[in-house]
Amino acid sequence: MNKKVNVGGQAVIEGVMMRGNCGIATAIRTSNGEIVIDKKEFIPYTKKYKILGLPVIRGFVSLMESLVVGIKTLNYSAEFFDDGEESSKFDKWFEEKFKDKSNDVIAGISLLVSLAFTILLFFLLPTFAANFFKKALQVNAVLLNIIEGIIRVSIFLLYIYFVSKMEDIKRVFQYHGAEHKTIFCYENDVELTAENAKKFGRLHPRCGTNFIFLVMIISIILFSLTGWNSLLERILYRIILLPVVSGITYEMIKWMGKSNSKLSKFLSYPGLMLQKLTTKEPDLSQLEVAIAALKAAEGIEDKEEKMEEEVEGTGAVI
């Protein structure tokens, strides 16, 4: 039986970020082959404030936190592979203007742009497209919502497919696979080595890919309850209901990660199959990076060092 762990992660440029009991740790394989680890304390808002830890609410809060952390981590990993070109006048002005807060401002802007792009591509565009069918065909509101949902899922699948074909993204997807294999290895209480982790699968039920796919499906159900009135009204409903959709999806993902029931396996299956596109088989060096990140996030390295010091202190031979 798998041990209960609360570790999640994200692939970044030539590295992996892990979030565990001892904070957030990002491990990067630099161009000279060295693994650099950055570790930060992290206390989720859902633990700081009880009201934010309530079911459904915690899902949307966790999603926003994950987006912020993810963007900051991606920006951090990108710094290791800067091409060395001289900063532009705008970059210099930006740094002078915001100084130490420039990275936070960039992360905030990136978050807003990402959210706007996601809402436009996966929620508003399908609504506009489905509106065409309303005018061209005489169909009822239920069928229109189903058509909108099919368009939304189709756009998402096409987006994932074409992104997965990009060469640079392939490396990130390999680290995504390394992240999953390492977490599986840890969950099964097997010694964390690259060779051991490689034996595990790369399709994990708690993956963000599952989350996004389920958001698409749950949105079909919830949005169908809002009717099919004016285009502006439908757009407002879709934006307003996004926190509810993400909150419900979060609760489902948590349940699916713990349950071995036939229903949870059935609901997980489409997202797992989709991970065949968003994860690739990693090599041993990439697994080493993921393991370094997980150990730092869970404080395993600190425990191992402490045990070594205690053994040395007793003069024991091992």
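1. A nonpolar core, as used here, is a set of buried Ala, Val, Leu, Ile, Met, Phe, Trp, Tyr and Cys residues joined through side-chain atoms within 4.5 Å. The structure discussed is a predicted model.

2. The largest such core in the model comprises 27 residues. Val7, Val16, Met18, Tyr186, Leu192 and Leu294 have the most contacts inside it. At least two core residues each come from strand 2 (15–20), strand 3 (23–29), helix 6 (167–187), helix 7 (194–198) and helix 11 (284–298). Helix 11 is the main contributor, giving nine residues.

3. Leaving aside residues up to four places away in sequence, valine 7 touches Met18, Arg19, Ile183, Tyr186, Arg206, Leu294 and Glu298. Met18, Tyr186 and Leu294, like Val7, are listed among the residues with the most contacts inside the largest core.

4. A second core is separate and has 23 residues, among them Phe122, Phe156, Val215 and Leu222.

5. On the surface, a nonpolar patch is formed by Tyr45, Tyr49, Ile51, Leu54 and Ile57, which together have about 490 Å² of accessible area. Tyrosine 49 lies in the loop that runs between helix 1 (45–48) and helix 2 (57–79). Its relative accessibility is 44%, so tyrosine 49 is classed as partly exposed.

6. For the chain as a whole, there are 12 helices and four strands. Of its 318 residues, 40% are buried. Among contacts with a separation of 6 or more, 69% are between residues 24 or more positions apart. The accessible surface of the chain is about 18400 Å², and carbon and sulfur atoms account for 62% of that area.

Note on methods: Residues numbered from 1 in each chain as written. Predicted model: local features only at pLDDT ≥ 70, side-chain atom pairs only at ≥ 80, totals over all residues. Heavy atoms only, no water. Buried < 20%, exposed > 50% of the residue type's maximum accessible area, 1.4 Å probe, protein only. Contact = heavy atoms within 4.5 Å. Patch = residues over 30% accessible without salt bridge, like charges linked within 9 Å, V, L, I, M, F, W, Y side chains within 5 Å. Areas by Shrake-Rupley, 256 points an atom, 1.4 Å probe, with all protein chains shown as cover. Salt bridge = Lys/Arg side-chain N within 4 Å of Asp/Glu carboxyl O.
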